[in-house]
Amino acid sequence: MNEIGGAPLFFLEFGDIVIYFSPFTITLFLLALVFSVFVLVSRPERQIDIAFGADAFYAKVISLSELKFRRFMSIACGLACMGAMVTGDLFDFTLFVSLVGICNVGIVAAVKSRHVQNAAYQYGLVALAGTVPMFAAAAMVAATTGTLSMLELAEGTIQVPLAARALLVLGVMGEGMAPFYAAKAEMFRAPGAPYVIMCSLSSLLIFLRVAEVILVL
Amino acid sequence: MIAELLFATFFGLLLLGIHRKVIARIQRRPGPPVWQEILHMLKFSFKTTWVPNTASAALFVGVVLVAIGIWTAALFVVTSGGSLLVIFAIYMLHKIVEHGFGLSSGSPYGKFGGVRSVISAASEIPLIVSVAAIAIFTKSLLISDIVAYQTLHGPLLLTIPPAAVAMYVVLISKMPFGPFSIVESKELVSGYKTEHFGVWRAGLEICNGLKTYVLLLTFILVFAGGLPFWLILLAMLLITLSLSFVCALSPMLSPYDSVTIQTIIAGLMVAYVAILGVVS
């Protein structure tokens with residue numbers, strides 16, 4: 001079960017922290033990279049909405065200051081996401097995932113709409129709460145196994161507690177906006193397609209990576 | 001690889017054409033010819049192409065390339081016996097593509113198609129549960145290992161039929177005109193793809209053909225094992241016919257009903273795999 005994402009292609013060692021690229025992690029990494037490039041080069045769309053009660057429509061335009069802030073948060077989100085996809089260290093994974101959560105809150109909270117900000121506030125509370133079980137999971141793994149290296153844990157010689165795995169999944173569920181927070185459609189229909197997409201992309205990517213992490217541990 | 005890619009695209013589009021034809025005949029309509037989807041793809045390739053004034057241009061165009069890219073990668077992974085987890089990842093990332101298609105144009109129809117795509121993400125959970133059930137038995141997620149396991153122990157379709165049913169539900173959720181096709185429902189014109197015309201739409205049609213071929217091929221390899229090529233194509237046709245019957249005879253659900261039913265199926269599957277894990 002050590003090669004569930006395909007055989008590792010190469011390792012990049014930073015002391016005891018190892019980054020590894022397998023067909024699975026490199027696919028996720030490249031997608032995070034591609035969408036980060038889209039964020040860099042795209043201008044946001046102008047959303048058209050119907051003016052009810054009149055024969056007219058209006059376009060929502062994003063101001064330059066809002067654009068700059070959301071673009072910065074989206075790129076930070078993309079970088080955090082890329083880190084979370086390839087890291088071989090459980091603690092680094094939790095750090096990157098919590099950074100994804102913070103950036104996601106920033107991306108949506110900058111929208112000048114009361115409905116979107118309410119939804120962002122509620123999501124922010126969930127994301128903050130999600131960090132607790134996630135770091136608790138990393139702490140439990142460190143305490144019971146003496147290591148946080150996924151490569152060492154994947155050898156199967158040390159048993160990772162089931163509770164630690166469950167807490168890790170719970171934490172990631174709290175951090176990710178989609179799919180478990182997707183019913184808050186205000187956030188996903190907010191203007192600024194390249195930035196909003198980064199929210200849903202990062203959420204799905206961290207879910208995919210945690211699935212691999214859980215199967216590997 | 002180029003020949004395989006072309007074959008997969010055209011055969012996938014042919015299956016989608018057959019799907020439309022069968023649905024039409026069940027509903028006592030003549031329906032379009034079976035090669036209609038191939039004609040669509042060719043027609044759109046030569047039609048006038050534009051990017052709407054309101055669109056986020058780079059994303060509007062780039063997402064088409066990403067759509068073709070991810071399903072080309074998926075075809076390569078399946079045919080080379082790579083990891084099932086990569087296929088699962090690509091399947092989930094197709095949601096982002098739909099979301100990107102919908103939001104990038106600025107159109108309200110596309111936007112709501114994209115939003116519906118995100119809220120119907122519960123349809124992915126049965127797939128990961130299927131993957132987990134397969135991993136419990138085969139101890140590997142490489143498609144080549146799964147095929148080899150079935151050569152020794154018989155098809156997984158007979159060993160873990162609920163996992164096969166879960167993946168069949170996933171196939172239904174990706175077929176057009178099905179009960180879960182809320183992302184391209186008629187009240188949203190064409191949903192997330194409303195504003196993509198001309199060569200961008202042709203790219204989307206190519207993606208649809210590839211997606212259909214890859215998902216059906218994966219289902220057959222994972223649950224029936226390695227079969228002769230002609231038998232795989234026949235099995236794909238039979239599965240498509242069964243999906244057409246389901247789509248023709250069931251009404252399209254409302255968005256929240258669709259999500260509720262998919263969540264219930266996901267819950268049942270999680271319980272099944274939990275029991276399977278304890279028993280094994």
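I looked for polar contacts across the interface of chain A and chain B and found 2 residue pairs, both at pLDDT 80 or more. A polar contact is a pair of N or O atoms within 3.5 Å; within protein, one must be able to donate a hydrogen and the other to accept it, and residues adjacent in sequence count only if both atoms are side-chain atoms. This is a predicted model, with local features needing pLDDT of at least 70 and side-chain atom pairs pLDDT 80 or more, while totals for chains, interfaces and linings use all residues. Residues are numbered from 1 along each chain as its sequence is written, chains are lettered from A in the order in which they are written, and side-chain values use heavy atoms, without hydrogens and water.

I counted salt bridges between chain A and chain B (Lys or Arg side-chain nitrogen within 4 Å of an Asp or Glu carboxyl oxygen) and got 0.

I then checked contacts (heavy atoms within 4.5 Å): 43 residues of chain A touch 38 of chain B.

α4(A) has 32 residues and reaches 47 Å from first C-alpha to last, close to the expected 46 Å. The expected span is 1.5 Å times one less than the number of residues. Gly146(A) follows α4(A), with a positive phi near 80°.

Technical notes. Helices (H or I, at least four residues) and strands (E, at least two) are DSSP runs, numbered from the N terminus.
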